[in-house]
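Subject: Handover of a structural model

Dear colleague,

Please find the structure below, handed over for your records.

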Amino acid sequence: MIDIDVENLRIAFSGREAVKAVSFHVPAGGSFGIVGESGSGKSTVLRALAGLNQHWEGRISFGGKPVGAKRDRAFFRQAQMVFQDPYGSLHPRQTVDRILSELPLVHGMGRIDDRIARALDDVALPQSVRFRFPHQLSGGQRQRVAIARALIAEPQVLLLDEPTSALDVSVQAEILNLLVALRREHNLTYIMVSHDLAVVAHMCAEVGVMQNGEMVEQVSTEKLRRGAVSHPHTRELRALSVELEEPEELPL
Amino acid sequence: MLVNIENLRIGFPTRTGGLSEAVKGVSLHLGQEKLGIVGESGSGKSLTARALLKLLPPQAQVTADAISFDGIDILAASERGMRQIRGKRAGFILQDPKYSLNPVKTIGSQVAESWRFHKGGSRHEAREAAIDLLDKVQIRNPREVSKSYPHEVSGGMGQRVMIAMMLAPDPELLIADEPTSALDATVQAEIMRLIDELVSERGMGLILISHDLPLVSHFCDRVAVMYAGHIVEELQASELAHAKHPYTRGLLNCMPSLIHPRDELPVLKRDPEWLKS
C-alpha cells in the first residue's frame, strides 16, 4: 500500500490556469474523491497524477517518492487509470484477450495466460468473454474489462475518472460494489473523480470539492453527509443532490 | 386527449430474417400534464417518443392499434402532414446541444430560421423575434448571444437556445429526450426549472424521457417505468416511494445515497417474469 501526496499542484494551458495550487493527501489504502462541475479541473488533476500530462508544477509523490514530469516504466505499473467511457477506452478491433495482454507484454510479465484468467475472475467476468470483441459486450461488461486491464498490472493505485457515469444506475451499483471489494482485496489506494456527490460519498472517505481550478474544500464523507460543510459551492452541490434524493426534506 | 398511443410495437428486422422487437405493446395517454418515461438504455423509451413524431429509421416496423396527436391519426399521416406537427405543434429537445445546433451558423440566425419557417415574416422581424425568444429562456444579454456561434457558449446555454428554437411556433406538446444528461448538476436544475415554468405557463403537455428516476419524479406529474419494451408500472410521481413493481423498487434502491449510507449497494436482480405481460 502506498500513499499519495499532492502539494501546490498548478497546471496551465497556454497561460490559462486550469488548476490553481491544489494540495491534498491520500493515506495508504485510502480513497479520495474529487467532485466538481465540468471545467473545474478535476480530471486535469487526475491526468497529471497519472502522468498523462507532463506540464505541471508543484509536488506529486507516490509512497513518499516524488515523481517528475516523465515517469519510468515501473510507475505505470504502480498506478493505473480507468476512464469514463467504456465505449471509447477499449480498442474496437481488438479482442478482450488482446486488450488485456498488451500491458503484461509491454512490461515483460510472464504467465500472461494465467494473469488474464485471474483478471477476468477478479472482475467477475466469465472466461468466455476472453475472445470477444468490445462491441459484443454490454456497457457494464466493457467497464469490467477496463478495470481488469488496470488490475492486470498489479497496481497499488487506481485513478478512476467518472467510472460509472456512462452506465445505467443498476449497472453502476454493480461496478461500484466491485470497486469497493477490489480495493479491500488488493489493498489499493483510490482517487476517484466524479460529478455525482452520492457516488463519491459511497466510495470515498474524504472528498475534495473543486471550482474554477481551486480545491475550495476538503471534507470527510461523514461531515458531508451531515451537511457540516463550510464552502458555499459544497453546500450548493450537496443541496442539489439531497433535493433529488428526498424532495420533501428541503424547502424549495 | 393530446396524445393517445395504444399497443405500440416497434421491431427491427434482424440479419437472419426475424424481427427483433424493441417496443412491445406500449399504451400511453397524455393530456395537458407532465409525463415522465423512465428506463434503462435499450428499454424503448426514446423509440416510443420518436414513433409519435414518425422520426424512426426507415427499417423500423411500427404497428399500433392507434397513435394520435390531438385527434390526428399519426399512423396514416403523410410526410407533409407530419411537417405540420413536428416542430410546429410538438417540439423536440434532444440530449446534447453540441450535436443538435449547426456549428457554422450563429445562434441568432438558427433561432430566427426556426421562427420564420413556422411564422413567416421578414428577416428583420425574425431576428428581433429570435432575440425576444432568447430573452424568454432567461439568457442575459440575448443580443450579444445571438451573434455568437454554438462553440462559444456553454452546454447549459446551448440547451437554452434549443429550447428557444422549440418555443418559436408555440407548440402544444414538448418532448424532451434526456434534456439534461450532458449538463452539470447546477445547470441541470436550472434547465429543468426553465422547462417546468414554460410548460406550466403555456399550458403545454410534456413528455420527459430520462434514465434518472429521481429527476423525473421531481418534475413530472406522472411516471411511466419502461423495461425491455414494456411499461411495467405507471404511477403518480408523488407515489414513487410506494412503487409496487420490483423493477421500479430495484432502480430506486440501487442508487447510492448521500444521506443514507450503505456498505454495499443492492444489485438489481432481473426476473424473467418481468418480460411477460
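The notes below go through the helix packing, the contact between the chains and a few loop residues.

This is a predicted model, in which local features need pLDDT of at least 70 and side-chain atom pairs count only at pLDDT 80 or more, while totals for chains, interfaces and linings use all residues. Residues are numbered from 1 along each chain as its sequence is written, and chains are lettered from A and ligands numbered from 1 in the order in which they are written.

Helices (H or I, at least four residues) and strands (E, at least two) are DSSP runs, numbered from the N terminus. Two packed helices are described by the angle between their axes and the distance between the axes. Axes here are lines fitted to C-alpha atoms, for helices over the stretch in contact, and angles run from 0 to 180 degrees between N-to-C directions.

The axes of helix H3 (residues 96-106) of chain A and H5(A) come within 8 Å and cross at roughly 25°. H3(A) and H5(A) are therefore roughly parallel to each other (angles under 35 degrees count as roughly parallel, over 145 as roughly antiparallel, 65 to 115 as roughly perpendicular and the rest as oblique). The crossing of H3(A) with H5(A) is right-handed; a crossing is left-handed if the near helix is turned anticlockwise from the far one by less than a right angle, and right-handed if clockwise. On the H3(A) side the contact involves Val96(A), Ile99(A), Leu100(A) and Leu103(A), and on the H5(A) side Val145(A), Ala148(A) and Arg149(A). Two residues are in contact if their C-beta atoms, placed from the backbone, lie within 7 Å. By class, this contact of H3(A) with H5(A) has 6 nonpolar, no polar and 1 charged (Ala, Val, Leu, Ile, Met, Phe, Trp, Tyr, Cys and Pro count as nonpolar, Asp, Glu, Lys and Arg as charged, and the others, Gly among them, as polar).

Helix H5 (residues 139-151) of chain A also packs with H6(A), at an angle of about 20° and with the axes 10 Å apart. H5(A) and H6(A) are therefore roughly parallel to each other, and their crossing is right-handed. Gly139(A), Gly140(A) and Gln143(A) of H5(A) meet Val171(A), Glu174(A) and Ile175(A) of H6(A). The residues of this contact of H5(A) with H6(A) comprise 2 nonpolar, 3 polar and 1 charged.

In H4(A), the buried residues are Arg115(A), Ile116(A), Ala119(A) and Leu120(A). They cover an arc of only 130° around the axis, which puts them on the same side of H4(A); the arc is that of the directions from the helix axis to the C-beta atoms. A residue is buried if 20 or more other C-beta atoms lie within 10 Å of its own, exposed if 12 or fewer, and partly exposed in between, with C-beta atoms placed from the backbone. The buried residues of H4(A) pack against H3 and H5 of chain A, while Asp113(A), Asp114(A) and Asp121(A) are exposed on the other side of H4(A).

Contact between the chains

In total, 26 residues of chain A are in contact with 23 residues of chain B. On the chain A side, H6, helix H7 (197-203) and helix H9 (232-245) each supply at least two residues. H9(A) gives the most, with 8 residues. The side of chain A that touches chain B has 12 nonpolar, 6 polar and 8 charged residues.

In helix H10 (residues 246-253) of chain B, Tyr247(B), Thr248(B), Gly250(B) and Leu251(B) are buried. The buried residues of H10(B) fall within an arc of 160° seen down the axis, so they line one face of the helix. They pack against helix H6 (169-186) of chain A, together with helix H9 (213-219), strand E10 (222-227) and strand E11 (230-236) of chain B.

Individual residues

Most residues other than glycine have a negative phi. Arg111(A) has a positive phi, near 45°, and is found in the loop between H3 and helix H4 (112-122) of chain A. Gly229(B) is found in the loop between E10 and E11 of chain B and is buried, with 24 other C-beta atoms within 10 Å. Gly229(B) and Ser43(B) are 186 residues apart in sequence and 5.2 Å apart in space, C-alpha to C-alpha.

Yours sincerely
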